[in-house]
Amino acid sequence: RGSKKKPHFRGAVAMSRSSVRRPHLAVLAAFLSLWAFNAFAVGFGAEAQGRPRKRKAVNKEELKTDHGAKADAIEKILKGGAAGSPEDMVRARFSACRSKDSVFMAKTEVNSLQSKLSNRVKAWGICFGTEKGDEYDTEAGKAANLRDIEKLEILEASGNEVEFKIYCADGTLLERSVMKEDEKWGWIYSGESKKDEWL
């Protein structure tokens, strides 16, 4: 399964296979692109609606359970520090998913179809169930499984790629993410995945 796989969601916006750069936890690809279209068409987003979004508080005990000896490093990343490795950013993004931190998720990814941060934040919020969609929004589909996360398993970290499983109450996500270096965050998700499937 290459990085040009068809998107998991079907939507009103047609996308060529070559134009899709999937967001981290790639099941959100078509969902995010459709949201980008809707936001452009009707002016949605945090600025348009005047709703500020706040970061979630870090749960230190949860970090210790999920990341063991890496807990302190992951906490620093979640608080705005740079990730020392691709794996550390994947771990931080996992913890952001667990706490439903749509702001962190949106800030630490590249999405060529979704350049506006506030729109990415809302799309993740709909995925996590922390924000309600309206008549113009799509459903989160299988990505809604991320609302009830159980644990993370890192399978391999090699170069700028990290393969992992996220175990959820209603399924397991297998993904191999391609990360890229970033001046502020150290590493961020590039928008490409070599694998992405729900088991």
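Here are a few friendly notes on this predicted model, point by point.

1. Ground rules. Residues are numbered from 1 along each chain as its sequence is written, and side-chain values use heavy atoms, with hydrogens and water left out. As the model is predicted, local features need pLDDT of at least 70 and side-chain atom pairs count only at pLDDT 80 or more, while totals for chains, interfaces and linings use all residues.

2. Overall layout. The protein chain has 7 helices and 4 strands, taken as DSSP runs numbered from the N terminus (helices: H or I, at least four residues; strands: E, at least two). Along the sequence the pattern reads α-α-α-α-α-α-α-β-β-β-β. Of its 199 residues, 51% count as buried (under 20% relative accessible area, with exposed over 50% and partly exposed in between; 1.4 Å probe, protein chains only). Taking contacts between residues at least 6 apart in sequence, 50% join residues at least 24 apart; contact here means heavy atoms within 4.5 Å.

3. Helices α4 and α5. The axes of α4 (residues 71-78) and α5 (residues 86-98) come within 9 Å and cross at roughly 70°, so α4 is roughly perpendicular to α5 (65 to 115 degrees; under 35 is roughly parallel, over 145 roughly antiparallel, the rest oblique). These axes are lines fitted to C-alpha atoms over the stretch in contact, with angles from 0 to 180 degrees between N-to-C directions. On the α4 side the contact involves Ala73, Ile74, Ile77 and Leu78; on the α5 side, residues including Met89, Arg91 and Ser95.

4. His67. This residue is in helix α3 (residues 60-67) and is buried, at 6% relative accessible area. Beyond its neighbours within four places in sequence, His67 is in contact with Ile74, Arg91, Phe94, Ser95 and Leu152. The side chains of His67 and Arg91 are also joined by a polar contact of 3.1 Å (N or O atoms within 3.5 Å, one able to donate a hydrogen and the other to accept it within protein; residues adjacent in sequence count only if both atoms are side-chain atoms).

5. Aromatic rings. The count is 2 aromatic pairs (Phe, Tyr and Trp rings, the six-membered one for Trp, with centres within 6.5 Å; planes under 30 degrees apart are stacked, over 60 edge-to-face, the rest tilted). Phe104 and Trp185 form an edge-to-face pair, 5.3 Å centre to centre with 85° between the planes. Phe104 lies in α6 and Trp185 in the loop between β3 and β4, 81 residues apart. Phe104 is buried at 1%, and Trp185 is buried at 6%.

6. Charges over rings. The charged end of Lys184 sits over the ring of Trp185, 4.6 Å from its centre (NZ of Lys or CZ of Arg within 6 Å of the ring centre and within 35 degrees of the ring normal). Lys151 has its charged end over the ring of Tyr167, 4.9 Å from the centre.
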